[in-house]
Amino acid sequence: MSQPRILLLGPPGAGKGTQSGNIVEAYGVEHVTTGDALRANKDMDISDMDTEYDTPREYMEQGDLVPDAVVNAIVEEALTSADGFVLDGYPRNLDQAAELEGMTDLDVVISLSVSTEELVDRLTGRRVCDDCGENYHVEFDQPDEEGVCDECGGELIQRDDDNEEAVRNRLDVFEENTAPVVDHYRDHDGFVDVDGEGSLDEVWSAIDDAIESRT
Ligand code: AP5
């Protein structure tokens, strides 16, 4: 069988980026993430797409969704070259879900659930490597040396949208736009709900079992 095509859904801070790393390592698939792709292109000129702001940066710093036309193009290009993948951060509304259905089939759809206050703690305490993007947490997932990435020695920084105001807006945007996407996929044959509140290893074990049982 070819490599699995996995969709990882969940609110901001649910652990999508962290667990995608485990999936990539275990299954050799590509990590397709709109968040990282947009962060790498925050200042690209999107004014020709008739958008409210001229770059993704303004949307992202407030925690609002970047216009669909921008993200649809990113995902379509990434999926064209991927054999198997774990898709993280897309689709975030029902229009994006309809676009995705035109691009590819999915083998496994995992929905991670975590309570709101735990999400706020995770996001405001998250630190990311400025060089390689590895995730850490000031309490739950500390590097060996404070402020320094274990993987590459890069500097650990706080993301612009990980302050409490932006985090609460991101959670509201999720409830309004993305929770209906999760419900939409509940009828998919490969759908599985995973409790995202356990330890990193417990959540990984549940995800690994879900992928094994559906591929
Ligand atoms: P994006 O980068 O996708 O952010 P997000 O969805 O808000 O998700 P996060 O990356 O914040 O969280 P995560 O679930 O990956 O959690 P993580 O593993 O890091 O998007 C950013 C912005 O880009 C959006 O706001 C929007 O503006 C734009 N955008 C992106 N996609 C878009 C789209 N499709 N359409 C329109 N706009 C789009 O974990 C969080 C922390 O918790 C870490 O510190 C980690 O160490 C810790 N942690 C993880 N798991 C556990 C655990 N089990 N126990 C304890 N701690 C844990």
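## Terms and overall fold

Helices (H or I, at least four residues) and strands (E, at least two) are DSSP runs, numbered from the N terminus. The model described here is predicted. On that assignment, the protein chain has 8 helices and 8 strands. Its radius of gyration is 17 Å, close to the 17 Å that the globule rule gives for 215 residues, so the protein chain is as compact as a globular protein of that length. The C-alpha trace spans about 45 × 40 × 30 Å along its principal axes.

Buried residues make up 46% of the 215 in the protein chain. Among contacts with a separation of 6 or more, 67% are between residues 24 or more positions apart. The protein chain has an accessible surface of about 10,900 Å², and carbon and sulfur atoms account for 40% of that surface.

## The ligand and its shell

The shell around the ligand holds 37 residues, of which T18, D64, R92, R126 and R170 come nearest. By type, the shell residues comprise 14 nonpolar, 13 polar and 10 charged. Five elements supply at least two shell residues each: α1 (16-27), α2 (34-40), α6 (116-124), β6 (135-137) and α8 (200-214). The element that gives the most is α2, with 4 residues.

An oxygen atom of the ligand is 2.9 Å from an N or O atom in the side chain of K16. A polar backbone atom of A14 lies 3.2 Å from an oxygen atom of the ligand, and a polar backbone atom of G89 lies 2.8 Å from a nitrogen atom of the ligand. On its own the ligand has 1,000 Å² of accessible area, and the protein covers 97% of this.

## Two backbone exceptions

Most residues other than glycine have a negative phi, and most peptide bonds are trans. Which peptide bond is cis, with omega near 0°? The bond from Y90 to P91 is. P91 sits in the loop between β3 (85-88) and α5 (94-103).

D50 has a phi near 60°, a positive value in a residue other than glycine. This residue belongs to the loop between α2 and α3 (56-62). With a relative accessible area of 74%, D50 is exposed, because exposed means over 50%.

N72 is part of helix α4 (residues 68-80). Its relative accessible area is 13%, so N72 is buried, the cut-off being under 20%. The side chains of N72 and Y90 make a polar contact at 2.7 Å.

Not counting residues up to four places away in sequence, R159 touches R39, R126, V128 and R170. Of these, R126 and R170 are among the residues that come nearest to the ligand.

## Two further loop positions

G28 lies in the loop between α1 and β2 (30-33). Its relative accessible area of 53% makes G28 exposed. Apart from neighbours within four places in sequence, G28 is in contact with Q3 and I23. From G28 to P4 the C-alpha distance is 9.3 Å, with the two residues 24 apart in sequence.

V148 is found in the loop between β6 and β7 (156-157). At 24% relative accessibility, V148 counts as partly exposed. Its contacts, leaving aside neighbours within four places in sequence, are P143, G153, G154 and L156. V148 and D187 are 39 residues apart in sequence, and their C-alpha atoms are 43 Å apart in space.

Notes
Residues are numbered from 1 along each chain as its sequence is written. This is a predicted model: local features need pLDDT of at least 70, side-chain atom pairs count only at pLDDT 80 or more; totals for chains, interfaces and linings use all residues. Side-chain values use heavy atoms; hydrogens and water are left out. A residue is near a molecule or strand if one of its heavy atoms lies within 4 Å of it. A polar contact is a pair of N or O atoms within 3.5 Å; within protein, one must be able to donate a hydrogen and the other to accept it, and residues adjacent in sequence count only if both atoms are side-chain atoms. Accessible areas come from the Shrake-Rupley method with a 1.4 Å probe; for residues, only the protein chains shown count as cover. Ala, Val, Leu, Ile, Met, Phe, Trp, Tyr, Cys and Pro count as nonpolar, Asp, Glu, Lys and Arg as charged, and the others, Gly among them, as polar. The radius of gyration is taken over C-alpha atoms; the globule rule is 2.2 Å times the number of residues to the power 0.38. Buried means under 20% relative accessible area, exposed over 50%, partly exposed in between (1.4 Å probe, protein chains only). Contact means heavy atoms within 4.5 Å.
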